[in-house]
Amino acid sequence: MEKLPDFSDRNAHEIDYRIYGEEMQYVEIELDPQEAVIAESGSFMMMDDGIKMDTIFGDGSEKDTGLLGKILGAGKRILTGESLFMTAFYNDLVGKRNVSFASPYPGKIIPIDLMEYDGKFICQKDAFLCAAKGVSVGIEFSKKLGRGLFGGEGFIMQKLEGDGMAFVHAGGTTAVKTLAAGETLRVDTGCIIGFTQGVDYDIEFVGGIKNSIFGGEGLFFARLQGPGKVYIQSLPFSRLAGRVLASVPRGGKSKGEGSILGGLGDLLDGDNRF
């Protein structure tokens, strides 16, 4: 298990963790007595006996004090397309207990120590998987019209704040780029996982009539300028879903992919499902 350094002034719970798998990963979090972790609904995989599960408004962080704070915190989650509720998992017994959370599609789970990023990390609105209790899961509004209209993620992204450990998931293989001050990186808008708060994020037109009409890569790039760290995914879920939908047989018949004979080729190959 990997363990965070012992910071006496931490507000979030300190948690140990281990990530298993290659293409379809899950993270196992080890909870000491009275430690807790929060997670998105639907990400739970398994847990040891003795862990208590509780559904909560918002993220359960200290920022959500009082009934009004909890309602506002939960309401913000609607803007990011998430549920009003999150699930908290507590270790109520003596001794260590484990709880695991799985990535929803093929890709990687990325551990983010918010202490290393000055307490804040900005990510796409469906990237968050789970975090130590005490981490705030909020929203980040774009102040730039171009980014909001054409950025792929709209005006709203998620922000993770606090001094604990958080976990985000991404599709395909993950690339991590560290940008120096003024250094620029251009990325497909859907391939961004997240970035540190020092990175300037804007949208740039591809340019050129041929590129715009026939390029097949969309009309806009995301322009990321340092200083800071950027996480990039090779297979956004939207791209994966688009390929799956494009290959769905119409009328209940196979497209005969891989054969110029189509259905006849399937019959000759022994596939006579049509």
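Analyst: What follows starts with the chain as a whole, turns to the sheet, and ends with salt bridges and a surface patch.

This is a predicted model, in which local features need pLDDT of at least 70 and side-chain atom pairs count only at pLDDT 80 or more, while totals for chains, interfaces and linings use all residues. Residues are numbered from 1 along each chain as its sequence is written, and side-chain values use heavy atoms, with hydrogens and water left out.

The protein chain has five helices and 19 strands. Both are DSSP runs numbered from the N terminus: helices are H or I with at least four residues, strands are E with at least two. Of its 274 residues, 43% are buried. Buried means under 20% relative accessible area, exposed means over 50%, and partly exposed lies in between, with a 1.4 Å probe and protein chains only. Among contacts with a separation of 6 or more in the protein chain, 74% are between residues 24 or more positions apart; a contact means heavy atoms within 4.5 Å.

Now the sheet. Three strands form an open sheet in the order β15-β18-β17, and their pairing is antiparallel. Two strands pair if DSSP finds at least two bridges between them. Strands β15 (184-188) and β17 (200-205) are at the edges with a single partner strand each, so one side of each has no neighbour in the sheet. On average, neighbouring strands here are turned by 30° against each other, direction ignored. For such angles, axes are lines fitted to C-alpha atoms, for helices over the stretch in contact, and angles run from 0 to 180 degrees between N-to-C directions. In general, strands of a sheet pair through backbone hydrogen bonds, either parallel or antiparallel.

Strand β18 covers residues 220-225, and five bridges join β15 to it in an antiparallel run.

Asp202 and Arg223 form a salt bridge, with their closest N and O atoms 3.9 Å apart. Asp202 lies in β17 and Arg223 in β18, so the pair ties together parts that are 21 residues apart in sequence. Asp202 is buried at 19% relative accessible area, and Arg223 is buried at 17%.

A salt bridge here is a side-chain nitrogen of Lys or Arg within 4 Å of a carboxyl oxygen of Asp or Glu. By this rule there are six salt bridges. Another joins Lys108 and Glu22, at 3.8 Å from N to O. Lys108 is in strand β8 (residues 107-113) and Glu22 in the loop between β1 (16-20) and β2 (26-31), so this pair ties together parts 86 residues apart in sequence. Glu30 and Lys96 also meet, at 3.7 Å from N to O. Glu30 is in strand β2 and Lys96 in the loop between β6 (85-91) and β7 (97-102), so here the parts tied together are 66 residues apart in sequence. Glu30 is buried at 15%, whereas Lys96 is partly exposed at 46%. Salt bridges link Glu30, Asp32 and Lys96 in a network.

Last, the surface. Phe44, Met45, Met46, Met47 and Met53 form a nonpolar patch with about 440 Å² of accessible area together. Patches consist of residues with over 30% relative accessible area and no salt bridge; like charges are joined within 9 Å, and nonpolar side chains (Val, Leu, Ile, Met, Phe, Trp, Tyr) within 5 Å. Accessible areas come from the Shrake-Rupley method with a 1.4 Å probe, and for residues only the protein chains shown count as cover. Strand β4 (residues 44-47) gives the largest share of the patch, four residues.
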